[in-house]
Amino acid sequence: MGEDDVPNYFAVFNEIGIIAQLARAAMEDQLPDGMILPHFSVLNHLIRVRDGQTPLVLARAFQVPKTSMTHTLAGLGRRGLIEMRANPSDARSKCVWITVAGRRLRNQAIADLVEAFEPVATRFSKERAEAMLPELRALRKIMDAARD
């Protein structure tokens, strides 16, 4: 990559960062009282990737300290949205499993985003959004591989 390319890559990541901040605020407005985006993100991850992961694996996936992940999981556990079970591979650790209530809450939270997405959908078609997904996924995969 040449030095002249840096401003373009910076502009892409700057736009992504701004969009992420706006999306976070819009999503948190729709979450049930007491829930924050990290709670929802863990539930979504457990469904999208798989549940039964250790808190350490989740902390690495979210690139947060294990103590932060433990705090997030405790909040989800108090609400009955996840269960901590003994790790079948290593009895010294626990694994995180999403509960039926956790799946229900995650799915309802997504359904409730209609209100947040409506202003975007009126000016940004479903087809445009679908067309962006392959490029965004490709960028995510490159960045995900680079952090490992």
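Modeller: Helix α7 gives the most to the lining of the largest pocket, with 12 residues. Helices here are DSSP runs of H or I with at least four residues, strands are runs of E with at least two, and both are numbered from the N terminus. This is a predicted model, in which local features need pLDDT of at least 70 and side-chain atom pairs count only at pLDDT 80 or more, while totals for chains, interfaces and linings use all residues. Residues are numbered from 1 along each chain as its sequence is written, and side-chain values use heavy atoms, with hydrogens and water left out.

In all, 44 residues line the largest pocket, and Ala 20, Ala 23, Met 27, Leu 136 and Arg 140 lie nearest its centre. Two or more lining residues come from each of α1 (6–30), α2, α3, α5, α6 (114–121) and α7 (126–147). A pocket is an open set of points on a 1 Å grid over the protein atoms alone, where a 1.4 Å probe fits, with protein on both sides within 12 Å along at least five of seven lines; lining residues have an atom within 4 Å of a point. The volume of the largest pocket is about 2,700 Å³, taken as the space filled by probe spheres set on the points, which are joined across faces, edges and corners. By class, its lining holds 27 nonpolar, seven polar and 10 charged residues. Ala, Val, Leu, Ile, Met, Phe, Trp, Tyr, Cys and Pro count as nonpolar, Asp, Glu, Lys and Arg as charged, and the others, Gly among them, as polar.

One of the contributing helices, α5, covers residues 100–111. From its first C-alpha to its last, α5 reaches 16 Å with 12 residues, close to the 16 Å expected when 1.5 Å is multiplied by one less than the number of residues. Gly 102, Leu 105, Arg 106 and Ala 109 of α5 are buried, which here stands for under 20% relative accessible area, with exposed over 50% and partly exposed in between (1.4 Å probe, protein chains only). Down the axis of α5 these buried residues fall within an arc of 100 degrees, so they line one face of the helix; the arc is that of the directions from the helix axis to the C-beta atoms. On the other side of α5, Val 100 and Arg 104 are exposed. The cover over the buried residues of α5 includes α2 (37–48) and β2 (94–98), where contact is heavy atoms within 4.5 Å.

Helix α3 (residues 55–62) also contributes to the pocket lining. Its buried residues are Pro 55, Leu 58 and Ala 59. They too lie within an arc of 100 degrees seen down the axis of α3, so they line one face of the helix. They pack against α2, α4 (66–78), β1 (82–86) and β2.

Arg 50 is in the loop between α2 and α3, and at 49% relative accessibility Arg 50 counts as partly exposed. Arg 50 is 47 residues from Trp 97 in sequence and 8.8 Å from it in space, C-alpha to C-alpha. Gln 63 is in the loop between α3 and α4, and at 58% relative accessibility Gln 63 counts as exposed. Its phi is positive, near 55 degrees, in a residue other than glycine. Most residues other than glycine have a negative phi.
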